[in-house]
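Me: I would like to go through this complex term by term, asking at each point what a label rests on and how the value meets its definition.

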Amino acid sequence: MPITLPFRPRRESYPPDMWTKCPGCSEMLFNKHLEKAMRVCTSCGHHFRVSAPTRIAQLLDHGSFRERDAGLVSRDPLGFVDSKSYPDRLAAAQTATGRRDAAIWGFGSLAGRRIAVCALDFGFMGGSMGSVVGEKVARAAEGALAEGIPLVVVSASGGARMQEGTLALMQLVKTIGALEALRAAGLPFISVLADPTTGGVFASFAALGDINVAEPNALIGFAGARVSAGTIAEELPPGFQRAEFLFAHGFVDRIAPRADLRNELAAILDVLAPPAPEGVGGSVRRG
Amino acid sequence: MTTAPGTTTPAPPPGAPTTTAPMPTTPVPPSITPDADATANAAARDAVWARVLLARNARRPHTLQLVAGIADRFTELHGDRLFGDDGAIVGGVGAIDGRRVVIVGHQKGADTDENIRRNFGMGKPEGFRKAIRLFELADRFGIPVVTFVDTPGAYPGAEAEERGVAEAIARSIMVMCRIRVPIVTLITGEGGSGGALAIAAGDVVIALENAVYAVISPEGCASILWRTAEKAADAALAMRMTAADQLALGVIDQIIPEPGEGAHADPAETARRLRGVIVEQLDRLAALPADERVAARARRYRDFGAFDDVGVPEVPEPPERPGLADRLRRALEPMGTRLGNLGTREGRDEPPAREEV
């Protein structure tokens with residue numbers, strides 16, 4: 001055994017595939033324990049970002065999720081090349097994450113209630129919304145409309161995908177249009193804003209939930225903070241663009257720690273879309 | 001519009017003109033693919049950048065000047081009934097060639113003082129909420145809407161976040177999706193991302209020849225993807241932000257040629273050409289039944305997207321009643337991560353622990 005200094009953990013004793021350092025409190029967290037804690041630091045409560053599959057598994061009843069449209073993949077409509085081509089960036093992200101794009105949608109049940117759900121994935125190109133993400137959000141809304149059930153969308157995104165240009169910008173209208181149809185049918189849409197929810201994603205479906213529920217300390221904002229700071233002489237207000245800041249300014253209904261999120265959504269859906277009486281099936285749909 | 005106490009006067013957006021830009025004298029070549037040779041690329045890049053500069057030209061006619069040339073009469077309306085009156089977004093009621101209209105548009109300034117008062121045409125939440133007010137007014141009274149888009153983008157300051165700029169933009173788009181009157185959108189200058197789109201979700205979207213439309217400013221795109229704002233011209237080329245490229249992408253429906261060297265050379269003629277197209281579109285849209293028109297608008301935006309479906313088969317439903325083994329497993333296992341056809345190796349499942357956006 002090598003001689004170790006008594007007062008500082010050596011890097012080798014925390015192999016990175018088994019341990020994670022908390023960005024909030026710098027505590028070393030054992031990965032298996034972190035998973036069981038829903039990827040929330042047990043020391044300081046820092047909410048780690050989670051992939052879309054993990055998010056869905058944490059929210060929905062075990063085994064209830066059926067993914068839809070898993071085969072959607074982006075094209076390269078602009079022939080976009082910066083230091084890398086868009087197809088190269090896509091391929092790298094697909095290899096790194098094992099997923100085809102930055103969103104997953106499908107049907108499942110939450111506390112026994114059937115819902116349509118869509119979750120974005122910051123791990124895939126920063127969760128940026130291009131054609132596929134926009135299509136999945138729209139189809140999730142249409143799926144909810146077709147079955148007369150609520151929609152839950154969990155956002156985690158750096159904004160619109162620049163490599164798709166104005167086609168990415170059009171996804172804002174496309175997703176909002178699908179939500180408008182859901183609204184007109186009297187079906188609830190709950191928007192969960194996770195860290196980060198920014199740019200064109202925030203300025204479209206994420207901000208428009210009948211109920212907006214944010215995770216603690218999530219970064220939620222339109223412009224980049226450095227850009228915002230550059231426009232005023234003073235420092236930015238404390239907690240700028242964090243979930244609690246939005247809550248104080250009236251743009252978020254609830255802040256829910258991840259362990260409570262399922263129950264919070266279930267309680268809200270109980271009121272907005274109570275389950276039909278026994279023998280009728282489906283949820284009540286207001287006329 | 002006065003700036004709120006505690007803030008300084010806003011910095012001009014990137015590319016805001018301080019002097020007039022040189023005018024292109026040769027026609028712009030069509031966009032070319034990145035694998036063409038460097039010389040041709042440089043020429044295309046310069047041509048695109050010339051268009052961007054024209055769209056930003058200080059002498060280019062802005063919304064109120066165009067409206068004066070287009071409308072028979074126009075009464076400007078103010079305020080969002082909530083917070084204030086944004087000078088960057090103007091609107092009102094009037095008539096164009098006898099057709100009643102509600103007009104909403106971004107307004108840049110003609111000189112530095114006016115630019116400060118109008119925040120260089122960068123809308124704030126109260127501006128987008130004024131737009132919402134006017135769209136709902138139009139819907140209530142059955143009056144078609146005409147919007148004029150010319151903005152570097154929404155104002156990115158801290159006060160905008162405090163007053164909910166993202167929600168204001170999103171709701172403005174939602175109201176445009178909802179209202180049942182015709183909406184004609186003209187992109188006359190800069191179509192700056194979400195701040196533009198908030199009033200640009202029309203039944204038909206028409207651009208002046210030298211207008212540009214982008215999801216992010218070329219300077220912003222260059223800073224992020226090329227790591228320096230100095231590559232803005234490369235970003236502008238890559239993003240295909242010229243009117244011609246936007247037409248090819250289907251994002252805009254029609255281009256209106258500009259007189260001579262550009263709209264600034266003959267604002268009166270530019271207004272005349274705009275009026276002709278606006279009236280044509282208003283009449284065409286008014287002839288459609290409202291249900292059909294609203295459905296067509298929804299279809300227009302629903303169809304945007306470039307993707308393929310490699311066709312992954314759906315996972316079949318499991319048997320209805322779980323066996324004892326399943327029930328035991330479920331009872332004993334905390335927070336299972338099994339997800340059927342979603343499963344990937346645990347180690348690859350999570351985004352990296354680094355927390356930077």
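Me: Where is B:Arg240 placed in chain B, and what makes that place a loop between two helices?
Reply: B:Arg240 sits in the loop between α9 (232–238) and α10 (243–249) of chain B; helices are DSSP runs of H or I with at least four residues, strands are runs of E with at least two, and both are numbered from the N terminus. This is a predicted model, in which local features need pLDDT of at least 70 and side-chain atom pairs count only at pLDDT 80 or more, while totals for chains, interfaces and linings use all residues. Residues are numbered from 1 along each chain as its sequence is written, and chains are lettered from A and ligands numbered from 1 in the order in which they are written.

Me: What makes A:Met38 buried, exposed or partly exposed?
Reply: A:Met38 has 19 other C-beta atoms within 10 Å, so the label is partly exposed. A:Met38 also has a positive phi, of about 65°, although it is not a glycine, and it lies in the loop between α1 (31–36) and α2 (52–59) of chain A.

Me: How do you know whether A:Phe122 and B:Pro257 are buried or exposed?
Reply: A:Phe122 has 23 other C-beta atoms within 10 Å and is therefore buried, whereas B:Pro257, with 9 C-beta neighbours inside 10 Å, counts as exposed. A:Phe122 belongs to the loop between β6 (113–120) and α4 (131–147) of chain A, and B:Pro257 to the loop between β8 (254–256) and α11 (267–286) of chain B.

Me: What is the form of the peptide bond from A:Asp195 to A:Pro196?
Reply: That bond is cis, with omega near -10°, and A:Pro196 lies in strand β8 (residues 189–198) of chain A.

Me: How many residues does each chain bring to the contact, and what makes two residues count as being in contact?
Reply: Two residues are in contact if their C-beta atoms, placed from the backbone, lie within 7 Å, and the contact takes 72 residues from chain B and 78 residues from chain A. On the side of chain B that touches chain A, the largest share, ten residues, comes from helix α6 (residues 165–178) of chain B. The residues of that side divide into 42 nonpolar, 15 polar and 15 charged, where Ala, Val, Leu, Ile, Met, Phe, Trp, Tyr, Cys and Pro count as nonpolar, Asp, Glu, Lys and Arg as charged, and the others, Gly among them, as polar.

Me: Why are strand β4 of chain A and strand β9 of chain B said to be joined?
Reply: Two strands pair if DSSP finds at least two bridges between them. Three bridges join β4 (residues 72–74) of chain A to β9 (residues 307–309) of chain B, and the strands run antiparallel. Within β9(B), B:Phe307 stands opposite A:Ser74.

Me: Which residues have the most contacts inside the largest nonpolar core, and what makes a set of residues a core?
Reply: A nonpolar core is a set of buried Ala, Val, Leu, Ile, Met, Phe, Trp, Tyr and Cys residues joined through C-beta atoms within 7 Å. The largest has 174 residues, and those with the most contacts inside it are A:Ala103, A:Val117, A:Leu151 and B:Ile173. Leaving aside neighbours within four places in sequence, B:Ile173 is in contact with residues including A:Leu172, A:Val173, A:Ile176 and B:Leu197. A second, separate core of six residues includes A:Cys22 and A:Leu29.

Me: What is the predictor's confidence in chain B and in the complex?
Reply: The term pLDDT is the predictor's confidence in each residue, from 0 to 100; the mean for chain B is 87, and 81% of its residues reach 70 or more. Over residues 17–34 of chain B pLDDT stays under 50, although the model has 27 contacts beyond four places in sequence for this stretch. For the complex, the predictor gives an ipTM of 0.92 and a pTM of 0.87.

How values were computed
A residue is buried if 20 or more other C-beta atoms lie within 10 Å of its own, exposed if 12 or fewer, and partly exposed in between; C-beta atoms are placed from the backbone.
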